[in-house]
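Please look through the structure below with care, and keep it in view while reading the paragraphs that follow.

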Amino acid sequence: LSSSISISKTNMWGKLKSAVLPKLLAEVRIEGMIDGKAVAKFAKDLQKIGSDLGRVSALAVVVNTNGGSGSQANNIVDMIKQFKNKNGVKVYTVTEDIAASAGYMILSCGDKAFASQNSLVGSIGVLMSHFSVEGLSKKNKIKTEDISTNKNLLQARMNIFKDMKKSDKELDQNLKDLHQVFIDHVESNRGDRITIDQDKRAKEVYNADIWLGEEAKTMGLIDDTQTLSEVYQNEFKPFKMQWVNFSRKTPLEKFQEKMGASYRSSIEATIINRALGDC
């Protein structure tokens, strides 16, 4: 009986809190290279929203990146969609500077996508770089030998001390397959809003080009050209909305960042020594 009363009170407070307090527009940011660290940070930022879920009615994802890992970008997209479906909120994606390659993969998943007029948007393509210093190594009589369990190991095929063999360039098909995954993602999220005819999209949209905001809008790659502040003002004007940036660092995180690694380590060592009774 006591537990049911406790749950009832909690539910009542949750409803009262949602009704009385202003709704929240939660903002999370993705900046810099998209890799495992970016995914971990994004997941942490989403977790920060947990305590205010009853009040959050929209999620703004600010994307400022020229790309990174496609698979990690897909992980972020999955988290965004899970958050949206679980909590019944709309997702607005916005870029201030650049949303290219894996960055555009994330930008395109919003219910509405925005960019400023000066933003760079697009680069729907896949890149794998290889450079060779075989000529230089031969000139300096440097010779390398690979010992591996399989000659098809990527590390062996991408050895910078050797030019790529014709057979190694079969990796091109792998890149084409990854490119098609990217294309399918964009088609799934924005296919009905892209203004270019379907039979022309391969050459005009999915050619890895990058466009300024206004042209991206004309092509249907974004919904409108607005700055971040304009998006907040125009999209949420009818509502009593309080903006909260959940990507902000906590006071403890800021303090730790200012201290620097060496100073932190010395403090941690002192604490450990004291715990052990050495000082």
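In helix α3, the residues Ala-73, Ile-76, Val-77, Met-79, Ile-80 and Phe-83 are buried, where buried means under 20% relative accessible area, exposed means over 50%, and partly exposed is in between, with a 1.4 Å probe and protein chains only. Just after α3 comes Gly-88, with a positive phi of about 60°.

The model is a predicted one, in which local features need pLDDT of at least 70 and side-chain atom pairs count only at pLDDT 80 or more, while totals for chains, interfaces and linings use all residues. Residues are numbered from 1 along each chain as its sequence is written, and side-chain values use heavy atoms, with hydrogens and water left out. Helices (H or I, at least four residues) and strands (E, at least two) are DSSP runs, numbered from the N terminus.

Helix α2, which takes in residues 36–48, has 13 residues and reaches 19 Å from its first C-alpha to its last, close to the 18 Å expected at 1.5 Å a residue. Its buried residues are Ala-38, Val-39, Phe-42, Asp-45 and Leu-46, and, seen down the axis of α2, they fall within an arc of 125°, so they line one face of the helix. That buried set packs against β1 (23–31), β2 (56–64) and α3 (70–87), contact meaning heavy atoms within 4.5 Å. Lys-37 and Gln-47, on the other side of α2, are exposed.

Turning to the strands, 7 of the 9 residues of β1 are buried, so β1 is largely enclosed by the rest of the structure. Strand β1 is joined by 8 bridges to β2, and the two run parallel; two strands pair if DSSP finds at least two bridges between them. Within this pairing, Ile-30 stands opposite Val-63 in β2.

Elsewhere, an open sheet of 3 strands has the order β4-β6-β7, with mixed pairing. Strands β4 and β7 stand at its edges, each with a single partner strand, so one side of each is left without a neighbour in the sheet. Strand β6 (residues 120–122) is joined to β7 by 3 bridges, and these strands run antiparallel; the bridge partner of Val-121 in β7 is Trp-211.

Finally, consider the backbone angle phi. Most residues other than glycine have a negative phi. Ser-101, in the loop between β4 (98–100) and α4 (102–107), has a positive phi near 55° although it is a residue other than glycine, and it is buried, with a relative accessible area of 17%. Ala-208, in the loop between α8 (201–204) and β7 (210–212), is not a glycine either and has a positive phi of about 70°; this residue is partly exposed, with a relative accessible area of 38%.

Definitions and conventions: The expected span of a helix is 1.5 Å times one less than its number of residues. The arc is that of the directions from the helix axis to the C-beta atoms.
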